[in-house]
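Please have the sequence and the structure open while reading.

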Protein chains: 2
Amino acid sequence: MKNSPFEDLDLPPEFISLVGATILSHAIQKNYETSELAHCTNKHQKMMLVILQHPRRMGELAKLLNMLPSSVTAIADVLEDLRFVSRERDPNDRRAWIVTLTDEGADMRQKLIAEASMRFRELTNLNADEIQELARLLTKTTDNISVAGFPNEALE
Amino acid sequence: MKNSPFEDLDLPPEFISLVGATILSHAIQKNYETSELAHCTNKHQKMMLVILQHPRRMGELAKLLNMLPSSVTAIADVLEDLRFVSRERDPNDRRAWIVTLTDEGADMRQKLIAEASMRFRELTNLNADEIQELARLLTKTTDNISVAGFPNEALE
DNA sequence: TCTGGATGTTTCACTTTCTGAAGTAATGTT
DNA sequence: AACATTACTTCAGAAAGTGAAACATCCAGA
């Protein structure tokens, strides 16, 4: 059984990490699609639900998700149709919309998080310490990505 | 400066890891597009070059990249037009094609790896030990994903 | 050897997703 | 008041992903 695509390579650890991150992310997202929760079809819809732990403006969502405003509009439209979020004008800036989870959306968000965590354990087979360490390293990483202004430039 | 989309969350470490992996992978792939190497436009083309450290059959590529055979055909067509790979019949099974890097393709492969590694260091700001540890954890993960038969089932 | 079923790949039409330009409305700046 | 900027939406075209059908080859059993 030849498992890894990289079995006999002396790739730099940076690259191995990158590929590992990609495979992991891809695998869980593929896996998701076969679940009960599949009616939020795509990964961006799921990700938007997850980062809506509190209400956010459309533009903020676009930056966080690293997407174009027009894509955020499309995704929010779907989530609104599904009654997972509602949109209201920002009273402080009437150009902007504020997106808020509905109760149903908050429910789905919890389920998504729980399901992803379960899949993660199944797929990775890491022990609790290792998961903790991985989370630490990747938190440091994403914090730095945000601080570096890349790819979400000028996030405030 | 409010950085992380998860600043005030008590998400499980599994989920944080998953999101971190996704953000990291996404960030570097976005970044890639602005580089000199952008003419291999999409991430799957790049990934295919990377895993072609030795010749592989189309079907093998599909499994490793977790894609449909028809998608692999499309990608290989592009890489062939770019003269990065060549396709020859497998002498042991004349239904199958074997994809091999050209010299030019091997060159590009090295550049892709080097560039991704550089971007990785810039983006993550992890020190050498941390990178090593991250690589270790993610290698364990991807190995397990393959062994678990998911998503690349029955990879042999 | 013949036959039928499985396998490896390609083609093609289809659907979904992404992208970017143009438009609308509100804000802020001078 | 005029003009530039910002926030978001709309829409149409481009790109990517999907799955059924076709084709050639392989393999196992009669």
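Which helices and strands of chain A and chain B each supply at least two residues of the surface near DNA strand C? The model is predicted, so that local features need pLDDT of at least 70 and side-chain atom pairs count only at pLDDT 80 or more, whereas totals for chains, interfaces and linings use all residues. Residues are numbered from 1 along each chain as its sequence is written, chains are lettered from A and ligands numbered from 1 in the order in which they are written, and side-chain values use heavy atoms, without hydrogens and water.

The contributors are helix 4 (69-81) and strand 3 (93-101) of chain A, together with helix 3, helix 4 (69-81) and strand 3 (93-101) of chain B; helices (H or I, at least four residues) and strands (E, at least two) are DSSP runs, numbered from the N terminus. In total, 18 residues surround DNA strand C, with Met58(B), Gly59(B), Thr73(B), Arg87(B) and Arg95(B) the closest, where near means that a heavy atom of the residue lies within 4 Å. Sugar and phosphate make up 67% of the DNA strand C atoms that come within 4 Å of the protein.

The table lists polar contacts, pairs of N or O atoms within 3.5 Å.

| Residue and atom | Atom of DNA strand C | Distance |
|---|---|---|
| Arg94(A), polar backbone atom | phosphate oxygen | 3.3 Å |
| Gly59(B), backbone N or O atom | phosphate oxygen | 2.4 Å |
| Arg95(B), polar side-chain atom | base oxygen | 2.5 Å |

Within chain B, Met47(B), Met48(B) and Ile51(B) of helix 2 meet Leu61(B), Leu64(B) and Leu65(B) of helix 3, contact meaning heavy atoms within 4.5 Å.

Definitions and conventions
Polar contact = N/O pair within 3.5 Å; in protein donor to acceptor, adjacent residues only side chain to side chain.
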